[in-house]
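Let's walk through this structure together, starting with the whole chain and ending at one helix and its surroundings. Keep the 3D view open as you read.

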Amino acid sequence: TEASVATATASTTTAAAAAAAVSVPASEPEIQNSTTPAAENSSAAATNYTTWSTPAVVTLPPAVKSPGPSSNAYRPPMANSASPSTVELHPAPHESMGMEASVAFLGDDVRRFADLCNELSFKMWTAVTGKGQIASRSLVLSPFELTAMLAMVFLGARGSTSGQMNDVLRLDDMVTFNPHQVLRNITHSITNVNNPGVATASFVREIYSHKGNGKILEFYKERVQQYYDGHVEEVDFNAIGDVLRRRTNLLVKRQTLGRVVEYLRGSGLSLTPPFAAFSANVFQTSCESASTEGRDGEMYFVVRPSTRQRRLVPVPAAVWRSGFLAGYEPGLDATAVCLGPDSAVSTILVLPGQQGQVAPGDGLARLEQRLIETSYRRGGWSRVLRSLLPRPGLELQVPRFSHRSVLNATAALQKMGLRDVFSDQKADLRGVNGLYDLYLSDMLQVNTFSTCGEDTIGARHHVETYPASPQRMGRAGRHGGQESGRNDGGDDDDDDNHASSVDDSHTSGDDESRTSDDGGRRKRDADDLPLHSPYSHLPLNLRPRQARLPDVPRLRFDRPFLYLVRHNPTGMIIYLGRFNPRLLP
């Protein structure tokens, strides 16, 4: 059954850009399996993200009709029928739009703004994670929040400071719409409680000014509240740690409707006077459509302490049998999957190489260099999105993990050209308090990203915090992630300075020998047995060879990978993260 096609266009004004209502042909099963009202009505509308009204949850289906289950066009055949660990994904057809179809009918001006923000996101990631230990650690960054926080400061910038900030942010270059309104509507779209595939999402934005530098203008407070739901307050910085903890916990609890009760558990975070910006961001995916039972709930992650060693370490996992897209981009030599393609926000995982075909060397570092550190305009990210297609007959297994990162972006932003606003001699923030005595002294953000956020974080997740205190690393293995009994992650100065796996047995000395090459392969062969196999009770040497193969090919993200959270109606990147776990002592 073909769905009707309708298109409507609204006029573009100074404060609003064009919005289009579109729908594409969809097969009957696709309509029945859709999770959005728009898809159920066989149509989808492109939201106008430049108007004042809060955007609804909207899906833009691919412009190219997806193949049916009987089609072999995108079916992922096993590269070697005798090797269940190898899955080969054929590249997408040249005409495929993939996830790029979600912005096909977006106004040109808003799409240009989103591309500028995404280019800025990659530059922020490179500046923050460029050198030192952070270059290889697991962490999560929210470039969208850095942009939003800088935009809040930009509202109070004047003179040359405003000009220099605009050279980086390009906010004043958007003349057909209000970019602050676009950022506001994107925020509300992501935090919508009805987003499929999202368990929790919140953005808490706070700005603190030292009491001794005068009173903040009410007009500035109102604009920050209007566009960003931001909290602006004059405080005594001698007690900033306690103020920050109490205010942040209150706002996070309110935005998450009580799911996250105590986001910061200590007063160890500190900000530098006279004018500091802080954001606390939570994003937790939902695994309600995935399986975490039995063998689906655990996978063996490949760890290479050195080039001559290979270890298989068990980590918690979840398996999707539908509701995701997958693809291979040969130019980047990267495998990608998209969770939540029909939601307003989706999570995209990018793995270097193909499963079972790993190139020598540090594939993750090479992938970051090709995808992120090179120019955004070369189109690497767009090619990844275009490669994502339905893959009938393929299963997906990814780790269940939670990352928490405390990042001070002050130095990184100065490297990107934002020097005047951080200078006590050159900053002009008269729009904040009417005086010349303020300059931005700190830009700090705390990010938490978790998969399967509907479960208690820490009970069955691999948990890592950046930065971690070395003296607490051994303690994590003993407690096995049972420190946290709620969906937060605690403060960086409390019980979260660790990297922990599932339970005690996974890091104990006795069981480490079980995860060596030979033992890991024996365990993995048993893991590949279907749950209903009549041979699962037999010893390995008595099983027929075909009983060791899975019923369907399974794509496993069992090596370090990148992950990104994307706002689908605009294509804007919200989070950027790296899963490179420290699984060995």
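Accessible areas here come from the Shrake-Rupley method with a 1.4 Å probe. On that basis, the protein in this predicted model exposes about 23200 Å², and carbon and sulfur atoms supply 49% of that area. Of its 585 residues, 57% are buried. The protein has 15 helices and 20 strands. If you take the contacts between residues at least 6 apart in sequence, 75% of them join residues at least 24 apart.

The average pLDDT is 77, and 69% of the residues score at least 70. Confidence is lowest in strand β2 (residues 20-22), with a mean of 33, and highest in helix α4, at 98. Residues 1-46 have a pLDDT below 50, and this stretch has 93 contacts in the model beyond near neighbours in sequence. Another stretch to read with care is residues 469-532, where pLDDT stays under 50 and the model has 149 contacts beyond four places in sequence.

Now turn to a sheet. Six strands form an open sheet with antiparallel pairing, in the order β4-β20-β19-β12-β11-β10. Its edge strands, each pairing on one side only, are β4 (139-141) and β10 (324-329). On average, neighbouring strands of this sheet are turned by 20 degrees against each other, direction ignored.

You can find one of the partners by looking at Val140, whose bridge partner in β20 is Gly577. Helix α4 (residues 143-154) packs on the sheet here, touching β4 and β20, and its direction makes about 130 degrees with that of β20. This is also the helix with the highest confidence in the protein.

Which residues of α9 are buried? They are Gly363, Leu364, Leu367, Glu368, Leu371 and Ile372. Seen down the axis of α9, these buried residues fall within an arc of 130 degrees, so they line one face of the helix.

Definitions and conventions
Residues numbered from 1 in each chain as written. Predicted model: local features only at pLDDT ≥ 70, side-chain atom pairs only at ≥ 80, totals over all residues. Heavy atoms only, no water. Pairing = 2+ DSSP bridges. Helix = DSSP H or I, 4+ residues; strand = E, 2+ residues; numbered from the N terminus. Axes fitted to C-alpha atoms, helices over the stretch in contact; angles between N-to-C directions. Contact = heavy atoms within 4.5 Å. Buried < 20%, exposed > 50% of the residue type's maximum accessible area, 1.4 Å probe, protein only. Arc of directions from axis to C-beta. pLDDT = per-residue confidence, 0-100.
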